[in-house]
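Good morning, and thank you for making time for this presentation.

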Amino acid sequence: MRVGVVGGGLAGALLAWRLREASDRVRVEVVALGRSVVDASAVSGGLVRGFEVDPDAGRDAADSLAEVRSDARLREWSGYREIGSSYLLPRGVDPTGSVRVVDERLPGSAEVVDAAELRRRFGYRDLRDDAVAVVERHAGYLSPARLRDSALAWAVEHGVHVVRTAVTGVVTGPTLRTSDGSVREYDAVVVAAGAWSPGLVEHGGTLRTKQIQYGVHRVDLPGLGAFVDEDTGLYGRPRGDGTFLLGLGCDRWDLAPGDVRPDPGLADRVAAEARRRFGVPVEVSPPELVVASSDCYHASAGLRLRPAGPGLFTFTGGSGGAAKTAVAASRIAAGGVLNSS
Ligand SMILES: Cc1cc2nc3c(=O)[nH]c(=O)nc-3n(C[C@H](O)[C@H](O)[C@H](O)COP(=O)(O)OP(=O)(O)OC[C@H]3O[C@@H](n4cnc5c(N)ncnc54)[C@H](O)[C@@H]3O)c2cc1C
């Protein structure tokens, strides 16, 4: 079976690795732009945890994390750092089902805590009295860029071919046209081109792009590991050098990946929100430490293989969270591609 994978970001690289590892009979070709293009995987915050509000999304996240933690090669490839995580839930959400998903895969990792505990352990301020959070011991962050590069290097060593050129057309057949003028035919094509995917394959409008932005802030928040605060939209993690990566939701949709520009107002709002939330001084990120990029979103969030025509699939739509699900999602996707022949 000949499989063409469009895109060598985290999704494409892990898919190539999984396909090659699953079968000796598959010939995989990754067609990807050169490294001069900064993709989402290169700048991702890499926050990983097992808990997601939606238990279905949580399954992939918890499976991924459990596999990374238990596999020395994946720990090395990803540079996983276990610093714990807290997730302040939106009002009225019952975490029981999602915590069960985490418990089955990462026993003893997750606990549900109340507002008093959040104030005491992590320094939260200005919380509503009925605030509830899920705190995980086995969670933290990894480097999606390192994981991407390691998986792709392994794939190349084991016979996967990487062609550094731009795909200019994806035609059912399935065939790829590339900027070097070649036409490449396969038994299956998987478009894993992140935020570029909606421009390459028609998917009934269900794939969209959205800007994601964070800054690197100097702030002292001892004990606070990776965190998400659904009341304010604030999220972040320590970077291990006295600074914190801090972000807030960004409402810029459908930008072409090359048109993403930092929203200057957002950097100020992040610092102000974090000051209010934790009651400590937070420096506004200087412009050179603001990261703005974009990711591919899908109506039903989650990085997964989706059919897009005869022999044609997409593997994208991680909706700003694929670093935490990609290890498990790529194993499932590889199975789907191999079973499609
Ligand atoms: C700023 C930011 C912070 C994030 N933080 C987190 C986080 O903390 N936790 C988390 O779980 N997730 C996070 N994410 C999400 C996660 O990092 C992404 O979902 C994931 O990296 C997407 O990987 P990808 O391979 O789908 O896309 P990308 O990494 O964008 O890769 C797409 C690839 O396709 C290639 N390509 C594009 N067009 C073409 C073409 N025409 N021909 C050939 N190749 C092409 C590009 O070169 C690129 O390498 C974040 C994302 C961003 C942007």
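In β12, Glu 185 is the bridge partner of Thr 175. Strands here are DSSP runs of E with at least two residues, helices are runs of H or I with at least four, and both are numbered from the N terminus. Two strands count as paired if DSSP finds at least two bridges between them. Before I continue, please note that this is a predicted model, in which local features need pLDDT of at least 70, side-chain atom pairs count only at pLDDT 80 or more, and totals for chains, interfaces and linings use all residues. Residues are numbered from 1 along each chain as its sequence is written, and side-chain values use heavy atoms, with hydrogens and water left out.

To return to β12, this strand covers residues 183-185 and pairs with β11 in the antiparallel sense over three bridges. The hairpin of β11 and β12 has four residues between the strands, and Gly 181 in that hairpin takes a positive phi near 90°.

On which other strand does β11 pair? Strand β11 (residues 175-178) is joined to strand β10 (residues 167-171) by four bridges, again in the antiparallel sense. Within that pairing, Leu 176 in β11 stands opposite Val 170. β10 and β11 also form a hairpin, with three residues between them. The loop between β10 and β11 holds Pro 174, and the peptide bond from Gly 173 to Pro 174 is cis, with omega near -10°.

A further backbone feature concerns Asp 126. This residue has a positive phi of about 60° although it is not a glycine. Asp 126 is placed in the loop between α6 (115-122) and β7 (132-136).

There is also an open sheet of three strands, in the order β3-β8-β4, with antiparallel pairing. Its edge strands, each pairing on one side only, are β3 (47-48) and β4 (81-82). β3 pairs with strand β8 (residues 140-141) over two bridges, and Tyr 141 in β8 is the bridge partner of Leu 47.

I now turn to the ligand. Which residues come nearest to the ligand? Of the 32 residues around it, these are Asp 39, Ser 41, Ser 44, Val 167 and Asp 295; a residue is taken as near if one of its heavy atoms lies within 4 Å. The shell around the ligand divides into 16 nonpolar, 13 polar and three charged residues. In this classification Ala, Val, Leu, Ile, Met, Phe, Trp, Tyr, Cys and Pro are nonpolar, Asp, Glu, Lys and Arg are charged, and the others, Gly among them, are polar.

A polar backbone atom of Ala 40 is 3.0 Å from an oxygen atom of the ligand. For Gly 321, a backbone N or O atom lies 3.1 Å from a ligand oxygen atom, and for Ala 322 the corresponding value is 3.4 Å. Taken alone, the ligand exposes 1,000 Å², and the protein buries 96% of that; these accessible areas come from the Shrake-Rupley method with a 1.4 Å probe. Elements that give two or more residues to the shell include α1 (10-22), β2 (27-32), α2 (40-43) and β18 (290-298).

Finally, the cavities. How many cavities of 30 Å³ or more does a search of the whole structure find? The search finds two. A cavity is a set of points, on a 1 Å grid over the protein atoms alone, where a 1.4 Å probe fits but cannot get out, and lining residues have an atom within 4 Å of a point. Grid points are joined across faces, edges and corners, and a volume is the space filled by probe spheres set on the points.

The largest cavity has a volume of about 50 Å³. Its lining includes Val 48, Arg 49, Leu 142 and Lys 324. The largest share of that lining, four residues, comes from α3, and the lining divides into seven nonpolar, one polar and two charged residues.

The second largest cavity has a volume of about 30 Å³. Among its lining residues are Gln 213, His 217, Leu 246 and Val 290. β14 gives the most to this lining, with four residues. Six of the lining residues are nonpolar, three are polar and none is charged.

Definitions and conventions:
Polar contact = N/O pair within 3.5 Å; in protein donor to acceptor, adjacent residues only side chain to side chain. 1 Å grid on protein atoms, 1.4 Å probe; cavity = no way out; pocket = protein on both sides within 12 Å on 5 of 7 lines; lining within 4 Å.
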